[in-house]
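Dear colleague,

Here is the structure that I promised to hand over to you. Please look through it once on your own, and then read my notes below alongside it.

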Amino acid sequence: MGGALVLESAVLLHWLEREGYGPLGMTGISMGGHMASLAVTNWPKPLPLVPCLSWSTASGVFTTGVLSKAVNWRELEKQYYTQTVYEEEIIQMLEYCGTDSFKMGQDFVKNSPNSVDSLNNLALTSRMLNLDTTSKILSTDAIHCLSTSKSTLNASSERLLLQDAPKMQCINQTFSTSSSSNKNFTSLQEHLISEERKRDTLQRESLRFMKGVMDECTHVANFSVPVDPNLIIVVQAKEDAYVPRTGVRSLQDIWPGCEIRYLGGGHVSAYLFKQGLFRQAIYDAFDRFLQKYAV
């Protein structure tokens, strides 16, 4: 889609120039703003650009933004796991050009081992408490034996030795059963941890693959810098949850000289109530063009 839009934009700009229209510029909102950015990176002349409510890449929109909840991750994980071409060939062709949020997560784990271990133990305890009745560790006989021996444990050791030998045998049997049960518990615990690690690994790899594919196709750092970044005015919402900026390279780093204007509100409210600010940015971008390039 992005490639087709870049080509169509070039065709339209050539046609407008040939028909004598000008000055020309491009703008768009949300995905339209990002597509306008890609189009201008492929135009060989200075061009005013006003991308509204978009950022340097679309990967965050589908991996960390609110729209990530609409992605069928289970199906993508299944496809990634069953079709080895993704891991063995395609992922080797991807090149990410920004701050890697996954490395940030690894740094967090490295610097906060205690808190992470506590979270893992808490999650494991929660899973163990939710086991159904068929997965109970102690057998009914062992529990009964332990119950009947409770009063015996409160008696003196001499009486236990002299008078309650059968009950002592029951207690020994209970402790033996409990020891075996502990081994079963440990085995089950290790199995759950192993399965959880496999699941987490698959989630991370499929998410990283999705991020890599999206960055490869949409990250503006993979395209040429516009001829004159001073003609670019980016309009962003401060509380935009659709287009997250955390862990992503800033457009000012990629296009030195461009201006970024932040407005209050989120993605939807900015679209509904702040379009006057979008139009003002368009006026300002064209004024800069006229001041620098008008004949």
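This is a predicted model: local features need pLDDT of at least 70, side-chain atom pairs count only at pLDDT 80 or more; totals for chains, interfaces and linings use all residues.

How many disulfides does the count come to? The count comes to zero disulfides, where a disulfide is taken as a pair of cysteine sulfur atoms within 2.5 Å.

Residues are numbered from 1 along each chain as its sequence is written, and side-chain values use heavy atoms, with hydrogens and water left out.

The chain as a whole

The secondary structure comes to 14 helices and four strands; these are DSSP runs numbered from the N terminus, with helices (H or I) of at least four residues and strands (E) of at least two. Of the 295 residues in the chain, 33% are buried. The accessible surface comes to about 18,200 Å², and 55% of this belongs to carbon and sulfur atoms; the areas come from the Shrake-Rupley method with a 1.4 Å probe, and for residues only the protein chains shown count as cover.

Aromatic rings

A pair of aromatic rings is described by the distance of the centres and the angle of the planes. Rings of Phe, Tyr and Trp (its six-membered ring) pair if their centres lie within 6.5 Å, and planes under 30 degrees apart count as stacked, over 60 as edge-to-face and the rest as tilted. A search of the whole structure finds three such pairs. One of them is formed by Tyr-80 and Phe-209, whose ring centres are 5.5 Å apart and whose planes stand at 45 degrees, so this pair is tilted. The pair links distant parts of the chain, since Tyr-80 is in helix α4 (residues 73-82) and Phe-209 is in helix α11 (residues 165-218), 129 residues apart. Tyr-80 is buried at 4% relative accessible area, and Phe-209 also counts as buried, at 12%.

Another pair is Phe-289 with Tyr-293, where the centres are 5.3 Å apart and the planes are at 35 degrees, so this pair too is tilted. Phe-289 and Tyr-293 are separated by about one helical turn because they are four residues apart in helix α14 (residues 275-293). Phe-289 is buried, with a relative accessible area of 15%, whereas Tyr-293 counts as partly exposed at 32%.

A ring can also lie under a charge: the charged end of Arg-245 sits over the ring of Trp-55, 5.9 Å from its centre. The rule asks for NZ of Lys or CZ of Arg within 6 Å of the ring centre and within 35 degrees of the ring normal.

Val-40 is found in helix α2 (residues 31-41) and counts as buried at 3% relative accessibility. Leaving aside its neighbours within four places in sequence, Val-40 is in contact with Met-26, Leu-47, Leu-49 and Pro-226.

Asn-222 has its place in the loop between α11 and β3 (233-237), where it counts as partly exposed at 34% relative accessibility. The side chain of Asn-222 reaches the backbone oxygen of Asp-215 at 2.9 Å, and a polar atom of that side chain lies 3.4 Å from the backbone oxygen of Glu-216.

Details of the backbone

The peptide bond from Gly-22 to Pro-23 is cis, with omega near -5 degrees, and Pro-23 is found in the loop between α1 (2-18) and β1 (26-29). Leu-53 has a positive phi of about 60 degrees although it is not a glycine; Leu-53 is found in the loop between β2 (49-52) and α3 (59-63), and at 0% relative accessibility it counts as buried.

Conventions. Buried means under 20% relative accessible area, exposed over 50%, partly exposed in between (1.4 Å probe, protein chains only). Contact means heavy atoms within 4.5 Å. A polar contact is a pair of N or O atoms within 3.5 Å; within protein, one must be able to donate a hydrogen and the other to accept it, and residues adjacent in sequence count only if both atoms are side-chain atoms.
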